[in-house]
Amino acid sequence: MFKLESNFKPSGDQESAIEKLVSNINNNVKEQILLGATGTGKTFTIANVIERVGKKTLVLAHNKTLAGQLYMELKELFPSNRVEYFISYYDYYQPEAYVVSSDTYIEKEADINSEIDKLRNSATASLLERDDVIVVASVSCIYGIGSPDSYENQMFVLRHHDKISRKEIIKKLSDAFYIRSKNDLSRGTFVVKGDTIDILPPYSSTEGIRVELDFDEIVSIKEIDVTNFHANKELELISIYPATQFVTDKATLEESLRRIKEELDERIKYFLDHDMPLEAERIKERTTYDLEMLREIGTCSGIENYSRHLALKGPNETPYTLLDYLGNDYLIIIDESHVTVPQVRGMFNGDRSRKQALVDYGFRLPSALDNRPLNFTEFEDRLKQVIYMSATPGDYEKMKGCPIVEQIIRPSFLLDPVVKIRPCKNQIDDVVREVDKTIKDGYRTLITTLTIKMSEDLSAYLKKLNYKVAYLHSEIKALERLEIIRKLRLGEYDCLVGINLLREGLDIPEVSKILILDADKEGFLRSERSLIQTIGRAARNENGEVILYADQMTDSIINAVKETERRRHIQEEYNKTHGTIPKTIIKPIGEAFVLSKELKDTQESKEKLDITKVSIKERDRILQSMEKAMLKAAKELDFERAMELRDALFELRQEIENAKHS
């Protein structure tokens with residue numbers, strides 16, 4: 001049973017949305033849309049649906065940051081259940097590739113985040129062990145992993161008073177790809193001392209298992225703290241899951257090796273028949289080495305390229321993915337579906353085009369092409385019951401004609417902003433008047449233009465008129481971007497000018513006005529979906545207003561304005577009926593990220609950080625401090641902060657390197 005724990009109760013139209021969604025699921029409706037306006041609490045609605053429906057649930061998000069936010073929210077709402085996190089475990093990933101035009105082979109480089117790897121293993125183990133599981137995943141979950149049957153078959157259970165020898169336990173651990181260590185325990189290892197075996201599963205960093213034997217009987221199973229090896233509690237039994245998601249038994253491995261060798265022989269013959277001796281020698285040398293590694297230690301670098309053979313699948317067969325671990329009856333929530341669905345659709349072709357060159361030139365066997373994400377048809381076939389969740393559903397979802405459940409009322413009872421249309425002629429003069437008026441009201445303004453030049457010119461013009469303005473663009477460095485947004489909230493800037501303010505995540509309560517210049521120039525930034533999303537940036541303030549400068553009413557403008565007015569009317573009627581009053585959201589303003597007094601002085605004196613002016617000793621300390629903060633943010637799953645710090649770290653290192661050569 002799922003148990004949602006929260007001090008909040010469904011409010012506004014959340015309750016009716018929950019009822020409709022649950023009813024549709026119980027009536028075996030396969031697909032439906034939750035059309036929720038920005039800030040209406042869609043995650044809380046979905047949490048209530050999960051509790052009511054009681055099915056294993058996969059929540060799919062289009063990036064790590066969003067997935068991390070959803071994971072933390074759902075983990076807080078379901079403390080008694082298993083909420084898991086499954087994203088790509090690479091902090092840095094350079095895929096293997098071959099550039100034909102320059103005859104350049106790029107070796108795979110990867111920096112695996114052990115914390116995320118732990119969480120991935122925890123997710124697969126939980127899905128096979130329990131039913132009350134929610135997995136929040138990025139689209140990496142449609143990439144191939146090991147067979148759930150092989151994974152489950154290599155799992156074993158140890159019970160108090162079991163008759164089993166130390167030798168048998170060690171063999172089981174080795175077969176499950178655990179590595180024997182002399183002293184130190186790390187994830188996926190075990191230490192043997194006399195009749196005591198300490199094990200650290202791959203899904204834990206600090207909580208290990210101690211198995212104590214007396215001759216051939218288990219007399220004690222304890223949970224231990226691996227930092228001091230003290231026992232925390234006694235256990236009656238423990239399930240030991242494999243140390244990796246790519247597992248196979250000995251008989252299957254032998255058959256896999258035979259199949260790989262057979263394919264290798266065929267490929268060598270193909271290259272020789274086509275007068276390609278270099279490619280024939282290359283594939284022979286590389287694959288023979290991998291075969292020796294697989295035979296000796298059960299794994300090799302790039303083992304994923306042999307996943308088809310290890311799973312004993314045929315050419316072009318669908319790979320095993322996380323979805324196969326969910327069983328036959330589960331719920332999928334696709335968050336921000338207008339972005340996530342196209343991303344899922346595009347992953348297969350992008351992956352295949354890169355690998356095809358590796359196969360054609362003898363770097364990989366053709367079976368490597370089957371180490372891939374699901375294609376879109378395969379993904380659709382695996383959708384049992386799905387809720388597409390978005391403020392602006394995409395064409396794919398809308399064309400399906402599935403039920404649309406609306407959630408328009410915000411818990412803050414804020415309305416969608418008033419939208420006005422004004423001509424492009426004299427739009428700059430009008431912008432100045434609106435900025436001035438907004439300042440007098442005590443709020444801030446966002447201004448979005450279509451070109452870099454126009455943003456720069458407008459920023460310069462407003463500065464000449466003594467307005468405090470910042471220009472946000474792609475070349476603004478990470479720390480500067482954080483500080484610009486912070487200063488805008490504090491009132492140190494009156495307005496912010498940019499091109500694509502959608503990507504910046506600017507949900508700022510202090511912004512009451514958004515000015516969209518050249519709104520009638522159709523394109524990505526002025527599409528119906530982009531306009532609705534941009535208009536929504538003003539929905540955090542009770543005095544929210546948006547002005548579109550346009551000389552003609554494009555279909556995008558007509559539809560965006562019509563939808564905004566429709567939602568606003570529903571919200572006004574609700575407030576009138578229930579006597580509720582909209583209130584601007586109160587959101588705390590974070591502290592500036594300052595690493596040291598010397599760095600702060602440098603920033604204040606120059607307005608822009610010049611790390612080359614800082615002493616060498618302090619410079620090293622600054623870089624170490626920033627790297628430590630980045631790793632801490634990643635460990636806490638605050639990937640947005642971690643990425644900002646990572647970018648800032650790269651920028652500072654580049655400045656130092658440039659200074660050395662100047």
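Reader: Where does N426 lie in this chain?

Author: Before I answer, please keep in mind that this is a predicted model. N426 lies in the loop between strand 20 and helix 13, the latter covering residues 427-441. Its phi is near 60 degrees, which is a positive value in a residue other than glycine, and N426 is partly exposed, with a relative accessible area of 48%.

Reader: Which loop holds D103, and what is the phi of D103?

Author: D103 has a positive phi of about 50 degrees although it is not a glycine, and it is placed in the loop between strand 5 (97-99) and strand 6 (104-106). Because exposed means over 50% relative accessible area, D103 counts as exposed at 54%.

Reader: How should I read the salt bridges, and how many salt bridges does the count come to?

Author: The general idea is that side chains of opposite charge can pair when their charged atoms come close. In this structure the count comes to 39 salt bridges. One of them joins the side chains of K163 and E217, at 3.2 Å from N to O. This pair links distant parts of the chain, with K163 in the loop between strand 9 (156-159) and helix 6 (166-175) and E217 in strand 14, 54 residues apart. K163 is exposed, with a relative accessible area of 67%, whereas E217, at 22%, counts as partly exposed.

Reader: Which residue forms a salt bridge with R566, and how many residues apart are the two?

Author: The partner is E406, and the closest N and O atoms of the two are 2.5 Å apart. R566 sits in helix 17 (residues 555-578) and E406 in strand 19 (residues 404-407), so that distant parts of the chain, 160 residues apart, are linked by this pair. R566 is partly exposed at 31% relative accessible area, and E406 is partly exposed at 27%.

Reader: Which residues are linked in a network of salt bridges?

Author: The network links K420, R422, D430, R433, E434, K513 and E545.

Reader: What gathers in the patch of negative charge on the surface?

Author: E168, D195, D214 and D216 gather there. To follow one of these residues, D216 is found in the loop between strand 13 (207-214) and strand 14 (217-225), and it is partly exposed, with a relative accessible area of 47%.

Reader: Which residues make the nonpolar surface patch?

Author: I421, M553 and I558 make that patch, which covers about 250 Å². I421 lies in strand 20, residues 418-422, and at 35% relative accessibility it counts as partly exposed.

Reader: How many disulfides does the structure hold?

Author: In general, a disulfide is a covalent bond between the sulfur atoms of two cysteines. The structure holds 0 disulfides.

Methods: Residues are numbered from 1 along each chain as its sequence is written. This is a predicted model: local features need pLDDT of at least 70, side-chain atom pairs count only at pLDDT 80 or more; totals for chains, interfaces and linings use all residues. Side-chain values use heavy atoms; hydrogens and water are left out. Patches are made of residues with over 30% relative accessible area and no salt bridge: like charges are joined within 9 Å, nonpolar side chains (Val, Leu, Ile, Met, Phe, Trp, Tyr) within 5 Å. Accessible areas come from the Shrake-Rupley method with a 1.4 Å probe; for residues, only the protein chains shown count as cover. A salt bridge is a side-chain nitrogen of Lys or Arg within 4 Å of a carboxyl oxygen of Asp or Glu. Lys and Arg count as positive and Asp and Glu as negative; His and the chain ends are not counted. The place of a charge is taken as NZ of Lys, CZ of Arg, CG of Asp or CD of Glu. Helices (H or I, at least four residues) and strands (E, at least two) are DSSP runs, numbered from the N terminus. Buried means under 20% relative accessible area, exposed over 50%, partly exposed in between (1.4 Å probe, protein chains only). A disulfide is a pair of cysteine sulfur atoms within 2.5 Å.
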